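Good morning, and thank you for coming.

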Amino acid sequence: MENKIINNFSITIATVNGSGSQTANVTLLRALFKMGIPVSGKNLFPSNIQGLPTWYTIRVNKDGFIARRDEQEVVVSLNPASFIRDLDSVLTGGAFFYADDIKIPITRTDISIYPMPVKALARAADVSPSLRDYIANMVYVGVLAHMLGIDFEKIEQALDFHFKGKSQAIESNLKTIRAGSDWAIQNLNKIDPYSVEPMSATSEFIMADGNTAAALGAIYGGLQFAAWYPITPASTLAESLNIFLPQLRKTADGKQTYAVLQAEDELAAIGMAIGAGWGGLRAMTSTSGPGISLMAEYTGLAYYAEVPIVIWDVQRIGPSTGLPTRTAQGDLAEVYSLSHGDKQHVILLPGSIQECFEFGWKAFDLAEHLQTPVFVLSDLDLGMNQWMTRPFEYPESPLDRGKVLWEADLEKLNGVWGRYKDSDGDGIPYRTVPGNKHSSAAWFGRGAGHDENARYTEDAGTWEHNMLRLKKKYDTARILVPKPVIERHKDADIGIIVYGSSSPAAEEARVLLQKEKGQKTNFMRVRSLPYTSEVQNFIKQQKRIYIVEANRDGQMRQILSSVMPDQAPKFRSACHSDGLPLTARWVKNTILAQEEKE
Amino acid sequence: MTAPAPAQTNKAGLVKNDYRGLPSTLCSGCGHNSIASQIIAACYEMDIIPEEIMKFSGIGCSSKSPAYFLNRSFGFNGLHGRMSSLATGALFADTHLRAIGISGDGDTASIGLGGFKHMVRRNAPIVYVVENNGVYGLTKGQFSATAEVGLNLKHQGTNQYMPVDICMESLASNATFVARSFAGDAKQVKELLKAALSHRGVAVLDIISPCVTFNNEDNALHSYTWGKDHEAPLHEISFIPALDEIELIGEFPEGTVREVAMHDGSTVILKKLEKDYDPTSRANAFQMLEDAQKNDWLVTGLIFIDEKKPVLTDIYNLVDIPLNRLTMSDLRPSPETIAKINAMMF
């Protein structure tokens, strides 16, 4: 053990889905985080309740890089079905821990091999037989704790959080962890170089998942109505609303200022949200790709009738059923022009958990200000994995309810107003909502042709005039949506564009390109569509631009090419989609390979 | 020349004209137009303030009709078959408002059947009128899901499939108010509308409304002639607002009437015809609909009512002030909560 490798490696734990290993894995992740070491965890799980192989990968990185890595230095195998593959996946010089009841011959000699008596120690645990499989996972937590140097006190903190302070559950898990650790102390001789040591790099961070953050953001955004239909990986967003709304948004006498309704399908979910949005409520729905496809017709109605609504798309890989538990950024092109006829939609692209919170409230302000559907594109990686993130920040601006006229406003106008009239020249009309008792308040909403006063018309000129106003409104959105995050290098003429959950891989690749190849790059993380002037300026300044995204077709590249055709020859796609979050190595290699051809 | 009689003002201080809509663009003689007239009459007679009604519809001839009544009410003409969800969400905006939805048989029984049944099972507080003519009018005469077996249509041939019975579907979905009527029976339509407007919860009115253009052959179930010849009212129905109870009860001799108390204190009086029908029994209702189908009767009247089931929006224990009038202090948690929330994360 001459060359110790500290706080810079990846651990993969291979188990069987439904065996309860998630508790053990997240306990490890959280304990490492509490040790002050930058860490990330990716749950690579099947669409199945019980029985299929599942992997959890943890990356510890002293420099703070949190993108997924393909390379695994430490592998823990509890699943005979994936054993051979898991064994093969260990990097030379790495460590392989396995449950000793798996009797598959091990022929590798270039790695350290550590058997663990998982079954025997689980049997010895003081729990009911039904909990034995579950508690067995804690054996590897104990063995790893000793072999890698994970602090027991931090493990205890992680368990305390997970079991919400329930001392019996904490104690019985801890006992098994100790048993695993004690066994390792007596029986294993550490020969691999990997270990962890405390740092102080995480004290300004919290750990959360994007769906929780999105729900909380929506609540701070004044969410009043949410309708949803269960779908992986979006369900926990709505479920988080149900957890936090009662804590944050009930009046002193226990009354609700909100309603959350589980609809019969996604058609109804968005329909209800649009009804509520038309009624003057801050309304949202949350879904994933298949749900988005079902919501297409209703989205067009909201766009054309100009109803504010927020739609969260926690993307999974498609088309069709696809891989429901695997991530992708494959819905961008669909969402951008969802529904038939002419239109583009406002899209927010959170790139961190903190941004899931921020865009959670901001989306309502934009939707009501613009009177249009606002989509927020998260994905399974952001939505369901635990990430270290900056704490959530209280909204810096008050609610923007947009141009709503109430009785007193109409009185001042002598009741003269037009629902679809561009009075202010920004393409955004005024609206009234039901319950307004002024005799000029009412209007009849519809997806059919209408004039400035919301009257039905099939007049050709009126139709086109209205559609051009909607286009103008989209231009107004351009100055309101979140601006990109840009980092320039003074000597670079090559740019990288990225968005959403692919950002950590692209940011790390940028560092690797410079460190390993001296390749300097400028960097832009796009946070919204329509593109802002900053996006356009950045693009104009580059000689070549790599657009990094987790989809097959380079969807952001397609969109940017269509809106900036003169810039399109600069664009190179670094797109890849296999259901897993992108890695920095892949991004770096893809850019280098292309640069060699230029 | 004599001066026209001054328009009569109701207790809301409004005249009947205040309840009208735009001129209808439907075919002349369309059953839907007479239903619109009865909605106007019912709201006027019940002293409803038009601004306190929301109108909803889907797509189709029927769904155009909300434009032809209650001009001073908010309305939303949504998507084909999706009025149920649109209205369900809108009902939360201001629970002091009443809602009227107008749908058709294509809208409700074909494309929107799933959503319809879920709206019904949630007991969403809405008067849901199905203007049922057994045919797609706006697309020029295709079969709808309520068309009877054997119906012949010009370009479609003969319908081979059993019809969907909207009242039966409503009952099966635990509707709390189910009625059937015939657009040609204006008085009954109006009285049923009044009862429905007083009902707390979902009120489904399946109104056979002949299509004079595409489905009005004398032998067709959804025609005027057939309806007039085959209508078998369960009872003569009369709606008595809470305040008028005493003066009107005398119209019905003792022993032949059944009173149904509505949630708002008003009463629906059902005058017994030849048979004694109890609209508070779901089993009776199913049996009656089954018999009607077997015997080819168009049975009209109040088929089922249950005033006790909880209403969708009541289940949520909402604040009394309409949700859409809440402001930032009601809607955004206070700044000190954010530290607590961050502390709840790991």
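Which residues of strand 19 of chain A are buried on one side, and which on the other? A:Ile494, A:Ile496 and A:Val498 are buried on one side, and A:Gly495 and A:Ile497 on the other. By buried I mean that 20 or more other C-beta atoms, placed from the backbone, lie within 10 Å of the residue's own; 12 or fewer is exposed, and in between is partly exposed. In a regular strand the side chains alternate between the two faces of the sheet.

This is a predicted model: local features need pLDDT of at least 70, side-chain atom pairs count only at pLDDT 80 or more, and totals for chains, interfaces and linings use all residues. Residues are numbered from 1 along each chain as its sequence is written, while chains are lettered from A and ligands numbered from 1 in the order in which they are written.

Let us turn to the neighbours of strand 19. Helices (H or I, at least four residues) and strands (E, at least two) are DSSP runs, numbered from the N terminus. Strand 19 of chain A pairs in the parallel sense with strand 22 of chain A, residues 544–549, over five bridges, and with strand 20 of chain A, residues 522–525, over four bridges; pairing requires at least two DSSP bridges. A:Ile497 stands opposite A:Ile547 in strand 22 of chain A, and its bridge partner in strand 20 of chain A is A:Met524.

Finally, the whole chain. Chain A has 20 helices and 23 strands. Of its 598 residues, 56% count as buried.
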